[in-house]
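Please look over the sequence and the structure first.

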Amino acid sequence: MPLKRIKYREQAVQGLKETMNAEATTFAGQTGDGVASAVLEARGLRKVYDVHEKKLEILSNADLILREGEMVAIVAPSGAGKSTLLHLLAALDTPTSGTVYFENKAIEFMEDAALANFRNRAVGF
């Protein structure tokens, strides 16, 4: 990956960090503490890749709560880490640090069969 691409990617990552730290826009359902239970939650997600002897931080301390009945859009520039975030939320990849919870259970502790069921029934992968 050329250095120019890495610099652009770092700028895009900053844009995603700002997006992730802002409140999610809700299109359906209700939000607010105690109104609807959290179905999927990410706390402190961080993902770092080693690229050409350099560490490239894609996500940094990303927090997200998706409540029952909500529909959200994750919008950020190309290369900002949207797909990485979705892969972490769907347990297709593991975070460098942080935890993803499905129905208040950490998915990192699920057995293989439970993970396959989660991917198939809950997130559609």
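## Strands and a helix

Strand E1 (residues 38–51) and E2 run antiparallel, joined by 10 bridges. Helices (H or I, at least four residues) and strands (E, at least two) are DSSP runs, numbered from the N terminus. Two strands pair if DSSP finds at least two bridges between them.

This is a predicted model: local features need pLDDT of at least 70, side-chain atom pairs count only at pLDDT 80 or more, and totals for chains, interfaces and linings use all residues. Residues are numbered from 1 along each chain as its sequence is written, and side-chain values use heavy atoms, with hydrogens and water left out.

The open sheet has 4 strands in the order E2-E1-E3-E4, with antiparallel pairing. Its edge strands each pair on one side only.

| Edge strand | Residues |
|---|---|
| E2 | 54–67 |
| E4 | 105–106 |

Ser-60 counts as partly exposed because its relative accessibility is 25%. Buried means under 20% relative accessible area, exposed over 50%, partly exposed in between (1.4 Å probe, protein chains only). Ser-60 and Ser-97 are 37 residues apart in sequence, yet 9.1 Å apart in space, C-alpha to C-alpha.

Now the helix. Which residues of H2 are buried? They are Thr-84, Leu-85, Leu-88 and Leu-89. These residues cover an arc of only 135° around the axis, so they lie on the same side of H2. The arc is that of the directions from the helix axis to the C-beta atoms. After H2 comes Ala-91, with a positive phi near 65°.
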